Amino acid sequence: MAAQTVDDPEAAIATIDPAAAAALPARRRPPRRAKSAPLDLRRAPNSVAGEGGAPNTGAAAASDLPLRGIAAGAAVIRAALRSVPATPGVYRMLDRKGDAVYVGKARNLKSRVQNYTHPAGLSNRLRRMVSETAAMDIVVTGTEAEALLLECNLIKRLMPRYNVLLRDDKSFPLIHITADHEFPQLTKYRGVRQKGGTYFGPFASAGAVNRTLITLQKAFLLRSCSDSIFAARTRPCLLHQIKRCSAPCVGRIDRDAYVALIEEARAFLSGKSDDVQHRLAGEMQRAAEALDFEAAALIRDRIRALSLVQGHQDIHVARLIDADVIAAHQAGGHTCVQVFFFRGGQNWGNRAYFPSHDRQLAVEEVLTAFVGQFYDNRAKPPLILVSHKLIEQPLVEEALSLGGPSVAIAMPQRGDKKRLIERILATAREALGRRLAESASQRQLLDGVAAALGLEPPLNRIEVYDNSHIQGTHAVGAMIVAGPDGLIKNAYRKFTIRGVRPGPDAAASGPHPRPNPPPLAGEGREGEKAPGGDDYAMMREVMQRRFARALKEDPERERGSWPDLVLIDGGQGQLSTVLAVFEELGIADVPLAGIAKGPDRNAGRERFFLPGRPPFSLDARDPVLYFLQRLRDEAHRFAIGTHRARRAKALGRSPLDEIAGIGARRKQALLHHFGSARAVARAGLPELERVAGISKTVAKKVYEHFHADG
């Protein structure tokens, strides 16, 4: 079978022959899924209900086997083995829910999978993995290199817990010199390289690229403004006044001179900085000899800016032009991987990674998995220097070279490059030491929270909730998550409040009425105002949606998505509301606490609310109090930021946008005639009919939209 594209690996799934499972006991047909259920990429594609609703895997589910544990998993693998080809490809081990627990590749799939049928010779990690296996999926590829690329892609998408996982996979910023304008623009860029022009990077951080951009503006006086601003300028901007732009927008420099500056910038970013400096030094000398001291001073400032960039190259190796240097240090069952980027002979920064992996894995295995996943969707340099020899290093080189220039991987043994690796290894060692110290401190704080609130340690996941709105408009809820490694930002969630309505028994519900359940998805309009800004109803909706989904997607609580503590920004009223939601959903074992500011809303005098206990406070100098304050403030920051983004987006919207059949032209005609949307809303039907381009039918529709109550 030909290899499939990594964009849709599911299309290449080769299901196990049903005959392989015929000898196994019959299994019960699972209930049909709703067709509108979202696709969960962590599930096997064939386990998602299709026309028949049943998983399309040939191996029987382990839960239906008479055997249990590792024997059941080995039986599933033996049954699947009958139809596994002896070709290159990727295999996925799936649990009873269809979630991938492990993704692997092999030159010979049959030989590799057969190893798992003999548990006695496996490590403890692999034995646990086999015991959880309930089905297998096979993807056949053309070569082993293609299998390696597909394996890395699937690991990043499915996040199977027995693989080495690169969780922090953000893109890197670049410098972009555009090519679609007479005077090209110098700007920061992040994302797929779709626009024309020249790209330089990657830079390790936004700060690194911003510093370089400022230096390039000083050294080469290139414009950074957008094309629309460029076309609208009538006089030089402030950047020209502070000598960071040559003002091509108003003709202060002709095109040929500006193109010369562009070429100098390209040469500098390509590693020819010495040539550029020598050329500028000659120009400065000639200007001084011609007594043009103002021009000479300007060139002097440009040379200083270039020298400033080179002065920041604290880690530099001669003859290392375009390369990534990757070093890994392992201690205490954890690994830190440092990646340094060298482009054009310049060090463009570094970033530390802490991949998640089994404590028993050797550093070579972790580094090999890291390299494959790191370059899955990134441009590769021609040279990668590593601190440890990779497992199957020639295969990794072949895989990284597919579809592009060749990539060489080397482990320096002596000389400057070896000393560079040792220096970066020291950086990784220090970063891992700080990480472990912070983790230990974080664990102490989490244990302190458990002790202060009377909970059973350990606490591995704390969820904090807050709402934000202005008198009920653009209401949003926010959830932040903290764990042993600090804030888990990829687990943050935003909730757009769809609409809350006070129930008919509100008057009889005491000081904190319980609102009706929120409307179904799709009910309510964007920016709809919640009556009175009902914080309790908003909190009720957020908690209902969060935990109803958790009950649906992870009822057995095996994915780590359930909290060990729910912390609410609020007092007894919010606590009672959340308790009511938990009672409706049948959740009785998730600890809950509320944190409210004390008298005069002073930080440090917070009061804590727990079910069945009177409110209490912690000592103002207690580090646990400070930790909980930071969590509460982070939830507050996240909620306010989300609310402001929604409010800013709504400012550009018009009430006319909500009327079906009113496009840009008709909206423009109405606004030109009446002057504002408010005037349109107040207009009578005869006035609307007189607007040019508005028919009687459309006028009636507009009138009825604003006068629905008659």
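The lining of the second largest pocket in this predicted model is made up, by class, of 15 nonpolar, eight polar and six charged residues. That pocket has a volume of about 700 Å³, and the 29 residues that line it include Y102, R112, E151, E365 and I391, which lie nearest its centre. The model also holds one cavity of 30 Å³ or more, and zero disulfides.

- At least two residues of the lining of the second largest pocket come from each of β3 (100–106), α3 (109–115), α4 (124–131), α5 (144–158) and α12 (363–374).
- Helix α12 gives the most to this lining, with a contribution of five residues.
- Among the 29 lining residues, those that lie nearest the centre of the pocket are Y102, R112, E151, E365 and I391.

**The largest cavity**

- The largest cavity holds about 30 Å³ of space, and its lining consists of L148, L149, C152, G372, V396, A399 and L400.
- The elements that give two or more residues to the lining of this cavity are α5 and α13 (393–401).
- By class, six of the residues that line the largest cavity are nonpolar and one is polar, while no charged residue takes part.

**Helix α9**

- At the start of α9, a side-chain oxygen of D254 comes to within 3.4 Å of the backbone nitrogen of D256.
- The buried residues of the helix are Y258, L261, I262, E264, A265, A267, F268 and L269.

**Cysteines**

- A disulfide is a covalent bond between the sulfur atoms of two cysteines, and the structure holds zero disulfides.
- In the case of C237, the closest cysteine sulfur is that of C245, and because the two sulfur atoms are 5.3 Å apart, they are too far from each other for a bond.
- C237 counts as partly exposed, at 25% relative accessibility, whereas C336 is buried, with a relative accessible area of 0%.

**Sites in loops and contacts along the chain**

- D554 is found in the loop between α15 (535–553) and β17 (565–569), where the residue is buried, with a relative accessible area of 1%.
- The side chain of D554 is joined to the side chain of S561 by a polar contact of 3.1 Å.
- G598 has its place in the loop between β18 (592–596) and β19 (607–609), and at 9% relative accessibility this glycine counts as buried.
- The C-alpha atoms of G598 and S617 are separated by 8.9 Å, with the two residues lying 19 residues apart along the chain.
- I229 belongs to helix α7, which covers residues 227–232, and is partly exposed, with a relative accessible area of 44%.
- The C-alpha atom of I229 is separated by 8.9 Å from that of C249, a residue 20 residues away along the chain.

**Backbone geometry**

- Most residues other than glycine have a negative phi, and most peptide bonds are trans.
- P457 and P458 are joined by a cis peptide bond, with omega at about 0°, and P458 lies in the loop between α14 (415–453) and β13 (462–470).
- E392, although not a glycine, has a positive phi of about 55°.
- The position of E392 is in the loop between β11 (383–386) and α13, where the residue is partly exposed, with a relative accessible area of 38%.
- H474 likewise is a residue other than glycine with a positive phi, here near 50°, and is found in strand β14, which covers residues 473–483.
- With a relative accessible area of 16%, H474 is buried, because the buried class takes in values under 20%.

Technical notes. Residues numbered from 1 in each chain as written. Predicted model: local features only at pLDDT ≥ 70, side-chain atom pairs only at ≥ 80, totals over all residues. Heavy atoms only, no water. Buried < 20%, exposed > 50% of the residue type's maximum accessible area, 1.4 Å probe, protein only. Helix = DSSP H or I, 4+ residues; strand = E, 2+ residues; numbered from the N terminus. Polar contact = N/O pair within 3.5 Å; in protein donor to acceptor, adjacent residues only side chain to side chain. Disulfide = S-S within 2.5 Å. 1 Å grid on protein atoms, 1.4 Å probe; cavity = no way out; pocket = protein on both sides within 12 Å on 5 of 7 lines; lining within 4 Å. Points joined across faces, edges and corners; volume = space filled by probe spheres on them. Nonpolar A, V, L, I, M, F, W, Y, C, P; charged D, E, K, R; others polar.
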